[in-house]
Amino acid sequence: MRPPSFLVVCSVIIGTLISLPVISVGANLFAPGTRATWAHLWATVLPEYVVNSLLLSFFVAIGVSVIGVATAWFVSMHEFPGRRVFEWALLLPLAMPAYVMAYVYTDLLQFVGPVQTFLRETFGWRRGDYWFPEIRSLPGAALIFVCALYPYVYLLARTAFLERGASTFEAARSLGLSPWAAFRRVSLPLARPAWAAGVALVLMETLADYGTVAYFAVPTFTTGIYRAWFSLGERSAATQLAAVLLAFVLLLVLLERISRGRARFHETHRRTAKRKMLSGAAALFAFLVCFLPLFLGFLLPAGLLFKLALAEGDGQFGVRYLTLAKNSLLVAGLAAVLAAMLALLLGYAQRLRPTLVTRMVNRLAGLGYAVPGAVIAVGVLIPVTRLDHWLAAQWLGWFGENPGLMLTGGIAALVYAYLARFLSVALSTVEAGLVRITPAMDAAAQSLGCNARQTLVRVHLPLLGKSLFTALLLVFVDVMKELPATLVMRPFNFDTLATQTFTLASDERLAEASTAALAIVAVGLLPVLLLARQIGRR
C-alpha cells in the first residue's frame, strides 16, 4: 500500500477545515432531545417543507436544464443574428440577486402593479372579472429562480460544447443521424458532467435561498430553518432541518453519479466544429430561444431598476457607494481566488488518489452550498471563536498582554464563511474539467519523467484554464450577492452592496435599493465579459 502523498494529505486537511461548519450542523442530529424535536417537526411542518422543496427543485431543474442547454447549444454550434452578443449577454442574470428580481416582478405583476392596472384600464375590468397568475406562489418562485440561475447551466454546458470538439458530432452525422439525433445521442451525453454540475449548483442555490421564498411566502426547508433559529430560538430544530437539507442534496448528487455507471467522458480531440449557418425561421427561433431568457432574467428587471433609480434612487449615492463597491470587490476577489486554488488542489488530489477518503472529503467540502448562509455563519463562529480564545491565551502567555479576538469579526472569518459556502461552485466546475482530461495524458507525462506537481503545471493547468476561469467567475458573482453570511460575519461598520440592497429592499424601499442593485450588476459585468471572451477563444 502506497503512503499518502503530500498533496493528498494537504487536501484532506483543507477539506476537513472547510467542512467544519457543515460537520457542526450534522452533529446536532445527535443533540439531546432529538427524538422529541423530530416528532414535533414531523407532526407540524416537515411534510409541507419536504413537498414544497421537492416541487420547487423539480420545476427549477427542468427549467434551467432546458434553457441552459438549449441556449448553450445554439450559441456554441450555430451562427445566427445576435449570436456574438448572446454568448456573453446570457451570463448577465448571474449579477442579478434573486431576491431583488422577486421584488421587481412582484411590483410589476401584483394587483396594483402596472401590468394589471393597464389591463383593467384598457378593458374596464374590476377585481374578480379576470384571472391573473399569482406571482407570489411556488410556481412564481420557480420562475424567478429559473430566470436568475439558468446561467450556471448555460456557462458550464457552453464550456463543454466548446471544449468537446467536432469529431464525435461529425462522426454521428456521417453515420446518418440527423442534427437533432446527433445532439441528443452524442453531444448531450458527452456534456453531461458539466450539465449535471450546473443543475446541482442551481438546486443547491435554490434550496439554500431565503429571500425569494420568504418574500413569496413559500414554506421550504430554508424558511423553516430561519423561522426556527431566529423567530423561535430553537437552535436544535433549525440545525436538524439543515441536516435534512444536506442529506437531500447529498442524495441528489449520489443519484446523478450512480446513474453515470461506468461511463467516462474524456476528450481526446480538440478540433472545434464549424458553426452551422441558420437562416429564416430557424434563425428566428434560435434568436428567440436566446433572447427570451435574457429579457426575463436581466433586461426587464434591470430596465425597471434603472427607471426607478433615475426617478428616485438612493439619496446617499456618491462616495459611500465607492466604499461599498471596494468592500464587495475585496471580499469577493479574495474568496474567488482562494476557492479556485483550493478546488484545484482538492480535485487534483482526488484524481491522483481516488480513494474513499478523498472522495468523502471533497463531498463534505462541497455540501456547504446547500446550507443557508446564516447557518454556515453560525457554524463558522463556533470553531473560529474557540481558536480565537486559544490564540489569545497563547499570546497572553508569550507577551503578557491580551490581544482580544483576532479572527472573529474580521475579514478572515468572513472569507472563511464564503469558502465554506461556495467552494462547491468552484469544485464542481474544476471536477467537470478534470473528468474530460483522459488519464492517458497523466501516464504519458509520467513516462517522460514528470512527477505529480510537474504534471499538474505542464499538462492539467493549460487544459483547465477555461474551467478555472469559470470557477473564479461563479464564486466572485455569488459572493457579490451573498447576504445572510455577510450580515452575520462582517466586521463592524463593514457594509457591502448586497447588504445595502437587501436592507433597503426589505423595507419596501425598492426605488432606493435599485441604485445598489445596479451597482452590483455594474461591478459584476467586467468579469462576466472577461470570462465570455476567454471561453470563446479557439
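These legends describe close-up views of one predicted model. Local features need pLDDT of at least 70 and side-chain atom pairs pLDDT 80 or more, while totals for chains, interfaces and linings use all residues. Residues are numbered from 1 along each chain as its sequence is written, and side-chain values use heavy atoms, leaving out hydrogens and water.

**View 1. Helix α11 spans residues 192-208.** Helices are DSSP runs (H or I, at least four residues), numbered from the N terminus. Helix α11 has 17 residues. From first C-alpha to last, α11 reaches 24 Å, close to the 24 Å expected at 1.5 Å a residue. The expected span is 1.5 Å times one less than the number of residues. Of the 17 residues in α11, 14 are buried (under 20% relative accessible area, 1.4 Å probe, protein chains only).

**View 2. Helix α20 (residues 439-447) meets helix α21 (residues 452-463).** Their axes come within 10 Å and cross at roughly 150 degrees. Axes are lines fitted to C-alpha atoms over the stretch in contact, and angles run from 0 to 180 degrees between N-to-C directions. So α20 is roughly antiparallel to α21 (an angle over 145 degrees).

**View 3. T159 sits in helix α8 (residues 138-164).** T159 is buried, because its relative accessibility is 4%. T159 and S467 are 308 residues apart in sequence. In space, their C-alpha atoms are 7.7 Å apart.

Terms used
Helices (H or I, at least four residues) and strands (E, at least two) are DSSP runs, numbered from the N terminus. Buried means under 20% relative accessible area, exposed over 50%, partly exposed in between (1.4 Å probe, protein chains only). Angles under 35 degrees count as roughly parallel, over 145 as roughly antiparallel, 65 to 115 as roughly perpendicular and the rest as oblique.
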